[in-house]
Amino acid sequence: MPRKGSDPHLKDQDLYERLREEGDSKEKAARISNAAAEGRSSVGRSGGEAESYEERTVPDLKERAKELGLSGYSKLNKKELINSLRNH
């Protein structure tokens, strides 16, 4: 039975709350807490192979913004796109 004030869409409410307290966005905390419930051994590992936003082209950054469902990114310059992606 879910506890009072919990979100039934979250698979690990305690982890979600801990991540939010650490400053993660609601979206990021939800993704991590739900993924963790599926298999904790693969969640949150450092050292991924993705290139940094600074190394990507503006069209690549806009595509990533689109994938994340962000809006208003079409007129942003590279620095603004990176900031928007990091802080969504």
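Two residues are said to be in contact when heavy atoms of theirs lie within 4.5 Å. This definition is used throughout the following account of a predicted model, in which local features need pLDDT of at least 70 and side-chain atom pairs count only at pLDDT 80 or more, while totals for chains, interfaces and linings use all residues. Residues are numbered from 1 along each chain as its sequence is written, and side-chain values use heavy atoms, with hydrogens and water left out.

The protein contains 4 helices and 0 strands, where helices (H or I, at least four residues) and strands (E, at least two) are DSSP runs numbered from the N terminus. Along the sequence, the pattern is therefore written α-α-α-α. Of the 88 residues, 25% count as buried; a residue is buried under 20% relative accessible area, exposed over 50%, and partly exposed in between (1.4 Å probe, protein chains only). The accessible surface comes to about 6700 Å², and 47% of this surface belongs to carbon and sulfur atoms; the areas are computed by the Shrake-Rupley method with a 1.4 Å probe, and for residues only the protein chains shown count as cover. Among contacts with a separation of 6 or more, 25% are made by residues 24 or more positions apart.

The account may begin with helix α1, residues 13–21, in which Gln 13, Leu 15, Tyr 16 and Leu 19 are buried. Seen down the axis of α1, these buried residues fall within an arc of 160°, so they line one face of the helix; the arc is that of the directions from the helix axis to the C-beta atoms. An α-helix has 3.6 residues a turn, so residues three or four places apart point the same way.

Just after α1, Gly 23 takes a positive phi of about 105°. Ser 25 is placed in the loop between α1 and α2. Its relative accessible area is 18%, so Ser 25 counts as buried. Apart from neighbours within four places in sequence, Ser 25 is in contact with Arg 20 and His 88. The side chain of Ser 25 reaches the backbone oxygen of His 88 at 3.4 Å. This is a polar contact, a pair of N or O atoms within 3.5 Å; within protein, one must be able to donate a hydrogen and the other to accept it, and residues adjacent in sequence count only if both atoms are side-chain atoms.

Helix α2 spans residues 26–38 and includes Glu 27. With a relative accessible area of 43%, Glu 27 is partly exposed. Ser 33 also has its place in helix α2. What is the relative accessibility of Ser 33? The value is 0%, so Ser 33 counts as buried. Not counting residues up to four places away in sequence, Ser 33 touches Leu 10, Lys 11, Asp 12, Leu 15, Tyr 16 and Leu 19. Ser 33 and Gln 13 are 20 residues apart in sequence, and their C-alpha atoms are 7.2 Å apart in space.

The later part of the chain carries an annotation. The UniProt record, an unreviewed entry, gives "domain: Rho termination factor-like N-terminal" for residues 54–84; UniProt positions are given in the numbering used here, feature names are shortened, and annotations may be inferred rather than shown by experiment. This span is 55% helix and 0% strand, and its end C-alpha atoms lie 13 Å apart.

Which residues make up the largest nonpolar core? The 8 residues are Tyr 53, Leu 61, Ala 65, Leu 70, Tyr 73, Leu 81, Ile 82 and Leu 85. A nonpolar core is a set of buried Ala, Val, Leu, Ile, Met, Phe, Trp, Tyr and Cys residues joined through side-chain atoms within 4.5 Å. Helices α3 (58–67) and α4 (78–86) are the elements that give two or more residues to this core, and α4 gives the most, with 3 residues. A second, separate core of 7 residues includes Leu 10, Tyr 16, Ala 30 and Ala 36.

In α4, the buried residues are Leu 81, Ile 82 and Leu 85. Seen down the axis of α4, they fall within an arc of 100°, so they line one face of the helix. These buried residues pack against α3.
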